[in-house]
Amino acid sequence: MNMNFSYSSNLQSSFIRPDGVDKVTGNLKFLTDLSFPNMLYGKILRSAYPHAKIISISTKKAEELPGVKAVITSKDVPGLNRFGLIFPDQPVLCDERVRYVGDAVAAVAAETEEIAEKALQLIEVEYEPLPVIDDPEKALLPSAPRLHPDGNILHQASYQKGDVEEAFRTCDCIVEETYELPRQMHAYMETEGGVIVPEKDGRITVYVGTQHGYKDRFQLARILAIPESKIRVVSSPMGGSFGGKDELNIQPYGALLAIKTGCPVKIHQSRRESVRSGLKRHPMKITMKTGANRSGKIVAHQVRIIADTGAYATLGPAVLDFAVEHATGPYIIPNVYVEGLSVYTNNGVAGEFRGFGGNQVTFALEGQMDRLAVELGMCPMELRKRNLRKADDLGPVGQEIAPTDGAAQVLKAISQSPLLSEREQSTNPWTKTGVGVAIAMHGGGLGFGRLDPAGGRLSLNKDGKIEIAFGFEEFGQGLLSVIERLVIKEIGCSANDVKITIGDTDHVPRSGSSTASRGTSMVWHALQRMKIPFTQRLLEKASQYTGVPVDRLYLGPIGIWCRHKSDSELLITYKQMADETKDDPIQIETEFHFPTTPHSIPGGHYLYSFAACAAKVEVDVLTGIVRVKHLEQAVAAGPVIYPTGYLGQIEGGSVMALGYTLLEEAVMEKGKYVTENFDSYLIPTINDIPLSMDITAIEELWEGDSYGPRGVGEIGTVAVAPAIAKAVYDAIGLWVTKLPLSREEIVKAVNRRELRKWLTTK
Amino acid sequence: MRVLAAKVWTPTDIEEAWSLRKKFHLESCFVAGGTLLQTQWEKGVSYPPQLISLEKVEELERMNYKTEGAKRFLQIGSMTKLATCRNHPVIKEKWSLLSTAIQQIAAPAIRNLGTIGGNVVYGFGDAIPALLALDAEVSYFDGKTIKIEKLDHWLNTRQNNEVLLTGVILPEYRHSSFVTQFYKKVGRREAFSGSVVTVSGVIGQNDAGIIDFVRLAVGGGDNRPQRLKETEQLLIGQMIKPLLLKNVYDTILNEFHPISDVFYSGDYRRWTAANIVISELSRLEG
């Protein structure tokens, strides 16, 4: 195997991440690894139907099974029997009706997992099946049954500028296409789970991974009808999330069972249970009509998005808003009309997923750019350049944004890719190679009008460590390294002096959710606010204690140093300072809001990152197999904090997107999953990914930009699919409109043209 | 997690295994490597209450390279692990097609557990198209004696006859001036995935470039592996020419009627099988 990875120089240094050794040695305990004395095992009974009325539930036989300690149904929910991040519409335990196969009907706690499993089979639920809405377009028909009191439309969003109808009349060239994007699964290694422990003081501790401990606490308090202060949520580390664990999953059942039995209850979903109940990426059908004049200036762009949000809301409205906002991406188009519908169906619940609606709409938008370029006979890079935003242009929905030249930066960087100039002729007559490029723009944070608070706490703790605490979670992205690197850089201490506290509502301040590429950005912002007061207080105290004037002191490794003419010396250690200040500990807290646009556009973003991706593919025309041979990404997201983590996000994001493009689809038929496990839902193996990737990080921000590093959790996933699709067109002349890419379509197209031709003429 | 309520028997010879099977009949099944049962278990299919493991039957794990009269062949015990077959020096040298095929079955850990016999008895195993192309035979115990017959024949006729597969036999042929062979498995991804369509073939040409023997086999998905006999008939005694290739293409489409599943249509499998055969034959063009 020839492996060839190259990185820009700012990505080449590496540091050992604080959680690295424990992770690679298997020493690290995830929350699903925890055990407690007298611990019971919980199991959740999910609906037998995608849509049905519940006539009756009898738990008697299950309760009588030896070893069963509790069986709960909707009657056992003391508070609000609903949950949901934006508005609570999903029943914790269904009472009258089930709307998808993951709906919970009952749950059991038993002495062993086997007994709990058996007890589930003894719960008798009588259903009356109802017609299944398995397609959002069917859900919109007047004759469709209503899945929720307000009908089947969860959310509508639109954006309009100029007059598209009028503008299309002036276009020299118009392309119109409908793109279909699949239901992708997050496929985190650690499935949903953890332990909920009733404590002696009447509180409960929820040891379950999530992306936002405080939000879980809020939702659980509402369900359990107890004050939030009675709940402690311990939520890190997690074996992956990618958006999939932002919403509640097993927490309510574990908590209800733990309270009912007075025992710790462990629930850890199997992969099948996870597939059945877990969130997925929104399948979307996107129709775009885009018109340009002969010179390649795009004058009109019309977009219609239909998203299949499944049975309940969760973050569905926000995902649709994001897709609508990003429908013009980094291009300035004078006449735009975008309309989006997020529609309830009886398919699995779709919600938050890395990229957040941007992946779907960017696939369509970049597809339009490439089709237009071909129609106009123009270089696709040139077409993009002619329509690209300038640094001080307004954002994609007309809102004021932090000026950024990221779009031009990434386009320029990718234009220099050797992939674009080399033209390799395959020696195998049955393979064709092709190259494609796409770019993407991605908003960070939750956007205008959404509560998006952040904050942190910096203190000198009693052990003499500089303790920094955030309400963010570690789920593999490298958050701890980011925090460590930033503290070292901003404070001046060494890694050994730092203690990081995260993922525990009893010990961390509110920082908002670890989502929307905001973690790194918010850690940086918090430190900018805290470093000066913290340093000042520490130096003042040190000065008082040592008698050395503040202006000669600075924070360094181990402690506070004194500057002399030619050298410096360690004056007092952090430990000594902690002892000296134990009656008046030094602690700085900050609270602030994620920077937003001043324009009142719901969900409109203010800070954006950019990526450009070049892909080289090899298409096997005999089988339709597409192999990605090389991927290159240029990313503009501000300063790099932790190079290894940055690379991990872009490379990992590329592979996840490659899976989305070539393999992954959670197939449903009549509301039931066909792909119930990893033997049929296929994610890429090492043999499916390119052994050659180049990553460039562009750090330079627009002059005067004071917003620091943007997160890169999502941006690496967005431009990959359209780049691969274009590469396939380049190789065999087939425009791909549907993901995952169909080998069947390729074989059909090639057979019709080349193979037949070859067979008859040679 | 579910509980295994079944009892596991570990007979040490074929007769004992057979009598356990007779005793429990439908309440039982033989277990070779257990890798297929494991995937069914994961899908919620329950095991029969009596499992008869063959792992202690030593005679089923032997390999013999033998000559009997003019016939030279390799006997592979049915309980031989797939990984062992794949790496066996004689197989690598004389029947490399089988090695190639096994390399594409599942993943290394599964090849260390799974057996050649299990792969064949399953009826859809990825080794079968290669074995058909190699004109393999099988040996089985029918309750009285060990019998030997062509794999191709056995696969097509075994429906209700309960037997215990004891081995796979690879005959060694020496003819033709030039022999080419191929095995192509198209999975849903590059590794660790079931076959969508698998095509294997062994083709011999004489000095004049005329095909003097040919065996082609296809399988994949829920399709029983089969020989492409009409296509073989068409090819025998011929030289590769464009018109012949076109006829071959059409003949394959006529004689291979794979079924569809949610991921791939029968048509895709037919076209792909025909494309692969054509591409391999075109290499032999004079």
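Two residues are in contact if their C-beta atoms, placed from the backbone, lie within 7 Å. Keep that in mind for the interface. One caution before we go on: this is a predicted model.

So, the interface. By that rule, 24 residues of chain A are in contact with 25 residues of chain B. Which elements of chain A give two or more residues to the side that touches chain B? They are α3, residues 113–122, and α19, residues 743–761. The largest share comes from α19(A), with 6 residues.

Now chain A as a whole. It has 19 helices and 29 strands. The C-alpha atoms of chain A fill a box of roughly 90 × 80 × 55 Å along the principal axes. For 762 residues, a compact globule would have a radius of gyration near 27 Å, and chain A agrees, with 27 Å. Of those 762 residues, 57% count as buried. Next, the contacts in chain A between residues at least 6 apart in sequence: 81% of them join residues at least 24 apart.

Last, one sheet. In chain A, 3 strands form an open sheet, in the order β5-β3-β7, with antiparallel pairing. β5 (97–98) and β7 (124–129) of chain A stand at the edges; each has a single partner strand, so one side of each is left without a neighbour in the sheet. Strand β3 of chain A, residues 52–58, pairs with β7(A) over 6 bridges, in the antiparallel sense. Here is one pair to find on screen: A:Lys53 has A:Glu128, in β7(A), as its bridge partner.

Technical notes: Residues numbered from 1 in each chain as written. Chains lettered and ligands numbered in written order. Predicted model: local features only at pLDDT ≥ 70, side-chain atom pairs only at ≥ 80, totals over all residues. Pairing = 2+ DSSP bridges. Helix = DSSP H or I, 4+ residues; strand = E, 2+ residues; numbered from the N terminus. Rg over C-alpha atoms; globule rule 2.2 N^0.38 Å. Buried ≥ 20, exposed ≤ 12 C-beta atoms within 10 Å, placed from the backbone.
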